[in-house]
Amino acid sequence: MILVTGGAGFIGSNFVLDWLADSDEPVLNLDKLTYAGNLANLAALQGDARHVFVQGDIGDAPLVQRLLAEHRPRAIVNFAAESHVDRSIHGAGEFIATNVVGTFNLLESTRGYFAGLAQAQQAAFRFLHVSTDEVYGSLTPDAAAFTENHVFEPNSPYSASKAASDHLVRAWHHTYGLPVLTTNCSNNYGPYHFPEKLIPLMIVNALAGKPLPVYGDGQQVRDWLYVVDHCSAIRRVLQAGQPGQTYNVGGWNEKTNLTIVHTICDLLDELSPRADGQSYRQQIAHVTDRPGHDRRYAIDAGKIERELGWRPTETFETGIRKTVTWYLAHPDWVRHVQSGAYRDWVATQYGAAGVADDSGRAA
Ligand code: NAD
Ligand code: DAU
């Protein structure tokens with residue numbers, strides 16, 4: 001079996017669903033169920049003996065050690081993290097606790113478990129750490145895309161905490177010989193994406209008749225990857241990646257934020273038109289920029305293609321249509337995640353009107 005951490009979050013739950021659709025190898029899913037963890041994502045696995053869910057913290061060493069001893073996984077895939085940049089700007093404590101200290105504790109628990117494995121099991125064991133392109137910092141418009149050799153220049157509390165975790169993972173390989181793999185991926189989108197992030201927020205706000213808050217001029221560039229493609233990349237790296245190596249994962253798909261928002265509005269105009277016949281684009285509201293906002297990310301995913309034969313299968317056009325269609329078909333899921341805690345976050349970040357807050361973020 002494999003141990004997946006953070007498997008009730010956006011990418012983790014997609015990964016668990018995909019894994020069990022593709023294989024009968026069981027998954028032990030360890031998730032703290034923070035605001036971002038949602039067992040409704042895994043409802044399709046109810047009663048499926050191949051999925052064992054445990055609510056807990058990756059930093060809880062006695063718990064993790066017990067789970068490793070009982071279940072004896074052949075691999076660990078570490079998704080568990082605090083993942084939202086804006087939340088890290090409001091308060092970085094949880095990011096340091098989970099992304100840095102939690103990863104350290106998980107590595108230490110894994111090191112102890114690994115030391116007790118027989119030689120053949122050690123040879124097969126892998127610890128795959130799921131990370132982000134944000135560790136590389138921001139690119140100018142004409143700069144070459146990030147390769148695995150790009151210097152680390154994290155700019156937000158979130159990306160700094162992920163960069164720290166990447167360094168810990170690297171060191172546990174170099175010093176202790178733990179067979180680690182690291183993936184650094186660009187922006188994901190798709191089903192089960194929590195509506196605090198750009199794409200799902202724009203879809204749910206548009207349908208609710210709320211403003212679509214675009215930070216600054218909306219000309220920031222991200223490289224977008226459909227989440228199912230990210231999951232297949234992780235499976236491929238787990239299967240064939242070289243211990244100690246890092247692999248960049250991306251969609252070869254750079255777009256400005258404004259282009260993304262326009263595309264979503266146009267799809268909604270087609271699939272679920274406004275009652276008044278106007279375009280959803282009318283709801284776009286430019287608001288004060290994110291502090292320290294990285295201008296451009298771009299991933300060179302050449303290494304994973306050359307060495308492991310992986311390339312994304314979705315184009316942005318096919319992936320975003322699937323995504324918008326999924327949100328239209330799952331209003332109950334959306335309602336469920338828009339709990340009291342979600343409303344508190346929206347009020348903190350965007351203000352009561354959805355476009356302004358006390359710190360001056362204004363339309
Ligand atoms: P998410 O916020 O949707 O989910 C994170 C999950 O981790 C949640 O289920 C949460 O309950 C769980 N969790 C948080 N702290 C925990 C802890 N201490 N112990 C156990 N579980 C804990 O995040 P996501 O978007 O699915 O991202 C997953 C991973 O992929 C993260 O490591 C993130 O840095 C990385 N990543 C995300 C993207 C993206 O675009 N979303 C891109 C590249 C890399
Ligand atoms: O690049 C990978 C990273 O992508 C992951 O490591 C992070 O976990 C993930 O959250 C994501 O980070 P971003 O900050 O790029 O994603 P987010 O969806 O928050 O924002 C995408 C862009 O849209 C960014 O330039 C900020 C902008 N934005 C975001 C929100 C929430 C807006 O203009 N308005 C908004 O309301």
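Guide: One term to begin with: a salt bridge is a side-chain nitrogen of Lys or Arg within 4 Å of a carboxyl oxygen of Asp or Glu. This is a predicted model, so local features need pLDDT of at least 70 and side-chain atom pairs count only at pLDDT 80 or more, while totals for chains, interfaces and linings use all residues. Residues are numbered from 1 along each chain as its sequence is written, chains are lettered from A and ligands numbered from 1 in the order in which they are written, and side-chain values use heavy atoms, with hydrogens and water left out.
Visitor: OK, how many salt bridges does the structure hold?
Guide: There are 20 salt bridges. In general, side chains of opposite charge can pair when their charged atoms come close.
Visitor: Which residue does Glu 25 form a salt bridge with?
Guide: Its partner is Arg 74, with the closest N and O atoms 2.7 Å apart. The two sit in distant parts of the chain, 49 residues apart: Glu 25 is in the loop between α1 (10-22) and β2 (27-31), and Arg 74 in the loop between α2 (61-71) and β4 (75-78). Those labels are DSSP runs, numbered from the N terminus: helices are H or I with at least four residues, strands are E with at least two.
Visitor: What about a pair within one helix?
Guide: Take Arg 66 and Glu 70, whose salt bridge has its closest N and O atoms 3.4 Å apart. Both lie in helix α2, four residues apart, which is about one turn of the helix. Arg 66 is partly exposed, with 44% relative accessible area.
Visitor: Where does Arg 296 come in?
Guide: Arg 296 meets Glu 254 in a salt bridge, 2.8 Å from N to O. Arg 296 lies in the loop between β12 (284-287) and α10 (302-308), and Glu 254 is in strand β11 (residues 254-256), so the pair ties together parts that are 42 residues apart in sequence. Arg 296 is buried at 9% relative accessibility, whereas Glu 254 is partly exposed at 40%.
Visitor: Which residues are linked in a network of salt bridges?
Guide: Asp 18, Asp 22 and Arg 235 are.
Visitor: Let's switch to sheets. What order do the seven strands have?
Guide: The order is β3-β2-β1-β4-β5-β6-β10, in an open sheet with parallel pairing. Two strands pair if DSSP finds at least two bridges between them. At the edges stand β3 (51-55) and β10, each with a single partner strand, so one side of each is left without a neighbour in the sheet. From one strand to the next, the twist averages 20 degrees.
Visitor: How many bridges pair β2 and β3?
Guide: Five bridges, in the parallel sense. One example is Leu 28, whose bridge partner in β3 is Val 52. Helix α2 packs on this sheet too, touching β1 (2-5), β2, β3 and β4, and its direction makes about 175 degrees with that of β2. Contact here means heavy atoms within 4.5 Å. Axes are lines fitted to C-alpha atoms, for helices over the stretch in contact, and angles run from 0 to 180 degrees between N-to-C directions.
Visitor: What about the three-strand sheet?
Guide: That open sheet runs β7-β9-β11, with mixed pairing. Its edge strands are β7 (187-189) and β11, each pairing on one side only. Three bridges join β7 to β9 (residues 221-226), and those two run parallel.
Visitor: Which way do the side chains of β8 point?
Guide: In strand β8 (residues 212-215), Leu 212 and Val 214 point one way, Pro 213 and Tyr 215 point the other way, and all are buried. In a regular strand the side chains alternate between the two faces of the sheet. Four bridges join β8 to β12, running parallel, and Val 214 stands opposite His 286.

Definitions and conventions:
Buried < 20%, exposed > 50% of the residue type's maximum accessible area, 1.4 Å probe, protein only.
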